[in-house]
Amino acid sequence: MALRTIRVIGDPILEKKAKEVKEVTLRTKELIRDMLETMYDANGVGLAAPQVGILKRIVVIDVSPEQNDPHVFINPVIEESTGEQEGYEGCLSVPGKSGWVKRPQYVRAKAYDEDMKPFEIEGTDLFARAMCHEFDHLEGKLYVGLAEDGLVDNEELYKDEEDAKEN
Ligand code: NI
């Protein structure tokens, strides 16, 4: 296991479309383990393979507070999405920033697991948001394109939240 370097905005690989995974090799499994380790180390809730420089359709997500509920998605496809949620969203490839982004409230997706067995999964709230965000990475899309009011510094955001609590 090893930590991988997370590519940041401006790196052209983040704007490229990732390729379908045809088979899961030992190297693929190593990549998935490294992606999970890298995501947890960076305190992220999701990571897509292009973010570590690999143009494959692989995503890992863990939105549990304890960070003990990893989900691995290979060749994911959103089959249904309904409703709407709005909120601040960030990305490990856009460090220190957040943007206000609308996403579906509910998402149903299909994908393949590490043994290339197909599965279906549903998610709401943060999990739905994370699936949309991470699957977008596989299309070479960053959330910054969806942030209608541009990006804010996280320091500024947290300061405002403290102000709000004080008021
Ligand atoms: Ni991201």
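Mentor: In this predicted model, Ser93 touches Ile6, Arg7, Val8, Ile9, Leu14 and Gln51, leaving aside residues up to four places away in sequence. Ser93 sits in the loop between strand 4 (85–89) and strand 5 (97–103).

Trainee: Why does Ser93 count as buried?

Mentor: Its relative accessibility is 0%, and buried means under 20%, so Ser93 is buried.

Trainee: What makes the approach of the Ser93 side chain to the backbone oxygen of Arg7 a polar contact?

Mentor: The distance is 2.7 Å, and the limit for a pair of N or O atoms is 3.5 Å. The pair therefore falls within the cut-off.

Trainee: How many aromatic pairs does a search of the whole structure find?

Mentor: The search finds 4. One of them joins Phe73 and Phe119, with 5.9 Å centre to centre and 45° between the planes.

Trainee: What makes Phe119 partly exposed?

Mentor: Phe119 has 23% relative accessibility. Phe73, at 0%, is buried.

Trainee: Which residues do ring pairs link into a cluster?

Mentor: The cluster consists of Phe73, Phe119, Phe127 and Phe135. Both Phe73 and Phe127 are buried.

Note on methods. Residues are numbered from 1 along each chain as its sequence is written. This is a predicted model: local features need pLDDT of at least 70, side-chain atom pairs count only at pLDDT 80 or more; totals for chains, interfaces and linings use all residues. Side-chain values use heavy atoms; hydrogens and water are left out. Rings of Phe, Tyr and Trp (its six-membered ring) pair if their centres lie within 6.5 Å; planes under 30 degrees apart count as stacked, over 60 as edge-to-face and the rest as tilted. Buried means under 20% relative accessible area, exposed over 50%, partly exposed in between (1.4 Å probe, protein chains only). Helices (H or I, at least four residues) and strands (E, at least two) are DSSP runs, numbered from the N terminus. A polar contact is a pair of N or O atoms within 3.5 Å; within protein, one must be able to donate a hydrogen and the other to accept it, and residues adjacent in sequence count only if both atoms are side-chain atoms. Contact means heavy atoms within 4.5 Å.
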